[in-house]
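Please read them with the structure open.

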Amino acid sequence: FVFRNNETEFIASAHETADEWPTSFYGIAFHGKSWEMESELNRVGGDETDGWIATQVMKTISSDGRMRRWQWELRKNRRPPNLGCWYVESIGSSDRKG
């Protein structure tokens, strides 16, 4: 991938993005005023306790006061070696009504 498991380069790049774009995900994470989860964890792809896809909406306020919502999509590994572990598949943002 881009950083080839080099955490130092990844962190430096995240800080550059945060400093340049206050409403970006990293800008909110490093310099934002607040965040809150707006929805319950919604599991799909199976029954309520065994679904392998989950989504959740988070609301953030950036350092300059702008609101943005983020939809997190999580996936549950269905094969070894990380069977049953959750990972972030995507984070989508919306400026519509926040």
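**Notes on the predicted model**

1. Ser62 is buried, because its relative accessible area is 0% and the cut-off for buried is under 20%. The model is a predicted one, and that applies to every value below. Ser62 sits in the loop that lies between β3 and β4. Its side chain makes a polar contact of 2.4 Å with the side chain of Asp64.

2. What does Ser62 touch beyond its neighbours within four places in sequence? The contacts are Pro22, Thr23, Ile28, Gly32 and Lys33.

3. Next, the hairpin around that loop. Strand β3 (residues 53-61) and β4 run antiparallel, joined by 9 bridges. The hairpin has 5 residues between its strands. Gly65 takes a positive phi there, near 90°. Within the pairing, Gln56 stands opposite Trp72 of β4.

4. β4 also pairs with strand β5 (residues 86-94). The sense is again antiparallel, and this pairing covers 8 bridges. Here Lys76 stands opposite Trp86 in β5.

5. Now the aromatic residues. The count of aromatic pairs comes to 6. One of them is Phe25 with Trp72, an edge-to-face pair. Their ring centres are 5.6 Å apart, with 75° between the planes. This pair links distant parts of the chain: Phe25 belongs to helix α2 (residues 25-31) and Trp72 to strand β4 (residues 67-76). The two residues are 47 residues apart. Phe25 counts as partly exposed, because its relative accessibility is 25%.

6. A second pair to check is Tyr26 with Phe30, which is stacked. The centres lie 6.2 Å apart and the planes make an angle of 20°.

7. Tyr26 is partly exposed, with a relative accessible area of 27%. Phe30 is also partly exposed, at 38% relative accessibility.

8. Phe25, Tyr26, Phe30 and Trp72 belong to one aromatic cluster. Phe3, Phe10 and Trp70 are also part of that cluster.

Definitions and conventions: Residues numbered from 1 in each chain as written. Predicted model: local features only at pLDDT ≥ 70, side-chain atom pairs only at ≥ 80, totals over all residues. Heavy atoms only, no water. Phe/Tyr/Trp six-rings, centres within 6.5 Å; stacked < 30°, edge-to-face > 60°. Helix = DSSP H or I, 4+ residues; strand = E, 2+ residues; numbered from the N terminus. Buried < 20%, exposed > 50% of the residue type's maximum accessible area, 1.4 Å probe, protein only. Pairing = 2+ DSSP bridges. Polar contact = N/O pair within 3.5 Å; in protein donor to acceptor, adjacent residues only side chain to side chain. Contact = heavy atoms within 4.5 Å.
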